[in-house]
Amino acid sequence: EFACLDAFEMPKVLEVVREVERRFNQRITKVFIDINGSRDVGPLWTCVDRYEKTFSPHLLVIKSVKVRNMLQQCLAFTENDEEDPVLRLMSDGCSSTGRPGGDE
């Protein structure tokens with residue numbers, strides 16, 4: 001079941017979700033968010049955080065040009081890559097959570 005509504009209007013989203021869960025007697029496990037246009041990434045991450053905390057979905061898909069463009073500029077590496085001096089230099093000052101300032 002798909003519903004077309006503003007992903008940022010949580011009261012309306014919750015209303016629709018409750019109705020769907022009641023009708024099918026199942027909780028929502030998959031969320032698809034299509035950002036029609038190009039919303040800024042900051043407010044979008046706030047929205048995603050709300051969805052994760054509210055629904056704890058097994059799958060969360062976001063269709064966003066700005067997110068795609070940002071992710072295309074990212075570099076993923078594993079703990080095995082820490083031996084590479086270039087990658088180690090790139091990660092200096094970041095914690096294992098990816099935030100500056102250590103693991104506190």
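Let's start with phenylalanine 32. It is partly exposed, with a relative accessible area of 48%. Keep in mind that this is a predicted model.

Where does phenylalanine 32 sit? It lies in strand β1, residues 30-34. Side chains alternate along β1. Val31 and Ile33 point to one face and are buried.

Now, the ring of phenylalanine 32. The structure holds 2 aromatic pairs. One of them joins phenylalanine 2 and phenylalanine 32. The centres are 6.1 Å apart, with 50 degrees between the planes, and the pair is tilted. This pair links distant parts of the chain. Phenylalanine 2 belongs to the segment before α1, 30 residues away from phenylalanine 32. And is phenylalanine 2 buried or exposed? Exposed, because its relative accessible area of 72% is over the 50% cut-off.

Back to β1, and its neighbour. Strand β2 covers residues 59-63 and runs parallel to β1. How many bridges join β1 to β2? There are 5.

Next, the helices. The axes of α1 and α2 come within 12 Å and cross at roughly 35 degrees. α1 passes α2 in a right-handed crossing. Which residues meet there? From α1, they are Met10, Val13, Leu14 and Val17. From α2, they are Arg50, Tyr51, Thr54 and Phe55. This contact divides into 6 nonpolar residues, 1 polar and 1 charged.

Technical notes. Residues numbered from 1 in each chain as written. Predicted model: local features only at pLDDT ≥ 70, side-chain atom pairs only at ≥ 80, totals over all residues. Heavy atoms only, no water. Phe/Tyr/Trp six-rings, centres within 6.5 Å; stacked < 30°, edge-to-face > 60°. Helix = DSSP H or I, 4+ residues; strand = E, 2+ residues; numbered from the N terminus. Buried < 20%, exposed > 50% of the residue type's maximum accessible area, 1.4 Å probe, protein only. Axes fitted to C-alpha atoms, helices over the stretch in contact; angles between N-to-C directions. Left-handed = near helix turned anticlockwise from the far one by under 90°. Contact = heavy atoms within 4.5 Å. Nonpolar A, V, L, I, M, F, W, Y, C, P; charged D, E, K, R; others polar. Pairing = 2+ DSSP bridges.
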